[in-house]
Amino acid sequence: MSDSQGTTWICLELPEVPVDQREVAATMAPDTVAIECNSGAHRVIALVAPGWDDDMDDARLNAVILEFLVRS
């Protein structure tokens, strides 16, 4: 997916939520998954609902990436 600045992001689902995000994930839906999004210059681990790759359009995925970029 490409963001509004033309940066291309590749996002893949991780096999489990990283240890440092498990506390936050515990406050979310029980089936929350972690995705790693990488632009080459930036790397973001975001927490999302399962099925994110089918349910999220580029605009929503971009908003999630930006939200987690600000946290890190």
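**Surface pairs, sheet and core**

E16 is exposed, with a relative accessible area of 53%. Exposed here means over 50%, buried means under 20%, and partly exposed lies in between (1.4 Å probe, protein chains only). The model is predicted: local features need pLDDT of at least 70, side-chain atom pairs count only at pLDDT 80 or more, and totals for chains, interfaces and linings use all residues. Residues are numbered from 1 along each chain as its sequence is written, and side-chain values use heavy atoms, with hydrogens and water left out.

The side chain of E16 meets that of R22 in a salt bridge, at 3.0 Å from N to O. A salt bridge requires a side-chain nitrogen of Lys or Arg within 4 Å of a carboxyl oxygen of Asp or Glu. R22 is partly exposed, at 39% relative accessible area. By this rule there are two salt bridges. R43 and E36 form one of them, at 2.8 Å from N to O. R43 is exposed, at 53%. E36 is partly exposed, at 23%. Side chains of opposite charge can pair when their charged atoms come close.

Now turn to the sheet. Three strands form an open, antiparallel sheet in the order β1-β2-β3. Its edge strands are β1 (10-13) and β3 (43-48), each pairing on one side only. Neighbouring strands are turned by 25° against each other on average, direction ignored. Strands (E, at least two residues) and helices (H or I, at least four) are DSSP runs, numbered from the N terminus. Two strands pair if DSSP finds at least two bridges between them.

β1 pairs with β2 (residues 33-38) over four bridges. I10 has N38 as its bridge partner in β2. C11 stands opposite C37. Six bridges join β2 to β3, and I35 is partnered by A46 in β3. These two strands form a hairpin with four residues between them. In that turn, G40 has a positive phi of about 95°.

What packs on the sheet? Helix α3 (residues 58-71) does, touching β1, β2 and β3. Contact means heavy atoms within 4.5 Å. The direction of α3 makes about 115° with that of β3. Axes are lines fitted to C-alpha atoms, for helices over the stretch in contact, and angles run from 0 to 180 degrees between N-to-C directions.

The largest nonpolar core has 20 residues, of which I35, V48, W52, L61 and I65 touch the most other members. Such a core is a set of buried Ala, Val, Leu, Ile, Met, Phe, Trp, Tyr and Cys residues joined through side-chain atoms within 4.5 Å. β2, β3 and α3 each give two or more residues. β3 gives the most, with five. Beyond its neighbours within four places in sequence, I35 contacts residues including L12, V44, V48, W52 and L61.
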